[in-house]
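Hello,

Here is the structure I promised to pass on to you. Please have it open while you read, as my notes follow below.

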Amino acid sequence: MAATNGATMKAVRFHGQHDLRFEDIPVPTVKKGQVKVKPAWVGICGSDLHEYLGGPGLCPTTPHPITGETVPLTFGHEFSGTIEEVGEGVDDWAVGDRVSVQPIIYDGTCGACQDNLHNCCWSNGFIGLSGWGGGLSEHIVVPTSTLYRLPKNVPLHIGALVEPLSVGWHAVKASPFKKGDAVLILGSGPIGIAVMLALQAKGADKIIVSEVSRKRQEFAKKFGAHYILDPSKDDVVKRCRELCDGQGVDVVFDCAGVQVALDAAVEATRARGTIVNVAIWEKPCTITPNLFTFKERRYMGVATFQIGDFQEVIDAISAGKMTPERMITGRIELDEVEEKGFKTLINDKDNQVKILVKVGGDD
């Protein structure tokens, strides 16, 4: 994005492993079909932490095929904000509109995009990870296609939760889950909780959570899990079958990405049940095909969210079907991102769900 004449702004930039910098960068200018947004609240995601600890991985070190950008890049892909300038040809958005920004970048021409699977684009990226700026800055310019209007009863800090909630929403929507199904969730971190909230909004009445952390077990209970298993003490396979009339669960959502948890989940799944992988695995895992063949089980992956999921999540929040406020376990300032944000999530992760960064928001 081109810069305004000499004007600068503060931003949190990723330069490499353990290298986050709070620095001055040019203010971007608005072009045709774009708007300038003042970020209000920004969530710190597990993907950001993975880049900080072991990257660059998702962040490009050679020019991204769509943005053309490389590290260093501005972080922040879970954010809300207020429109402060509109570009030429923008008629349906106005200064002052409150928005949540859907960060997927896609080319619109590949086979996946032609099938309206923009989240599976062969060249995809993310605002805040692949270029086009990021929410952890005082201003950002984005295409209008990324914008979702926030109703009056959805405050800006909740608007920053729409992105992670949409990951959970899409996972449930893409799965074969139906009302009345028994569900097992592996892991009760932010995405596990997002899946739980989506399931509740869709009428789930038997949610089993497997989580080893005592504090995260407490989070699962607060967010409405019906049964909580500790895999270090409980026989997950045996308990799931006991809770499901000897059959096992209908659907598993793997939000942990841990081999031993997946192994147990497969055997805890009933015949013709489905395991849905939501987790991003840090290393290859092993699956035994015969465990699927002889019980006709299915294994599927889901990736982020599709166009439309953001709006459905916003509608669910506005209607009171999802109440994510308690996901927020900390609020910090833009100049505190590394010390009170990243390092807290790394060193005290069991006591955290979502830390929000205040950039320009009050509500």
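**Cysteines and aromatic rings**

C113 is buried, at a relative accessible area of 4% (buried means under 20% relative accessible area, exposed over 50%, and partly exposed in between, with a 1.4 Å probe and protein chains only). Before going on, please note that this is a predicted model, in which local features need pLDDT of at least 70 and side-chain atom pairs count only at pLDDT 80 or more, while totals for chains, interfaces and linings use all residues. Residues are numbered from 1 along each chain as its sequence is written, and side-chain values use heavy atoms, with hydrogens and water left out.

Back to the cysteines. The closest cysteine sulfur to that of C113 belongs to C110, and at 3.7 Å it is too far for a bond, since a disulfide is a pair of cysteine sulfur atoms within 2.5 Å. C244 is in no disulfide either, with the nearest cysteine sulfur, that of C240, 6.2 Å away. C244 counts as buried at 6% relative accessibility. Overall, the structure holds zero disulfides.

Now to the rings. How many aromatic pairs does a search of the whole structure find? There are seven, where rings of Phe, Tyr and Trp (its six-membered ring) pair if their centres lie within 6.5 Å, and planes under 30 degrees apart count as stacked, over 60 as edge-to-face and the rest as tilted. One of them is F14 with F75, a stacked pair at 5.0 Å centre to centre and 10° between the planes. F14 lies in strand β1 (residues 3-16) and F75 in the loop between β4 (73-74) and β5 (78-86), so this pair ties together parts that are 61 residues apart in sequence; strands here are DSSP runs (E, at least two residues), numbered from the N terminus. F14 is buried at 0% relative accessibility, and F75 is buried at 0% as well.

F292 and Y299 form an edge-to-face pair, 6.2 Å centre to centre with 90° between the planes. Here F292 counts as buried at 10% relative accessibility, whereas Y299 is partly exposed at 33%. Ring pairs also link F14, Y52, F75 and F342 into a cluster.

Finally, two charges over rings. The charged end of K10 sits over the ring of F22, 5.4 Å from the ring centre, and that of R326 sits over the ring of F223, 5.2 Å from its centre. The criterion is NZ of Lys or CZ of Arg within 6 Å of the ring centre and within 35 degrees of the ring normal.

Best wishes

How values were computed. Helices (H or I, at least four residues) and strands (E, at least two) are DSSP runs, numbered from the N terminus.
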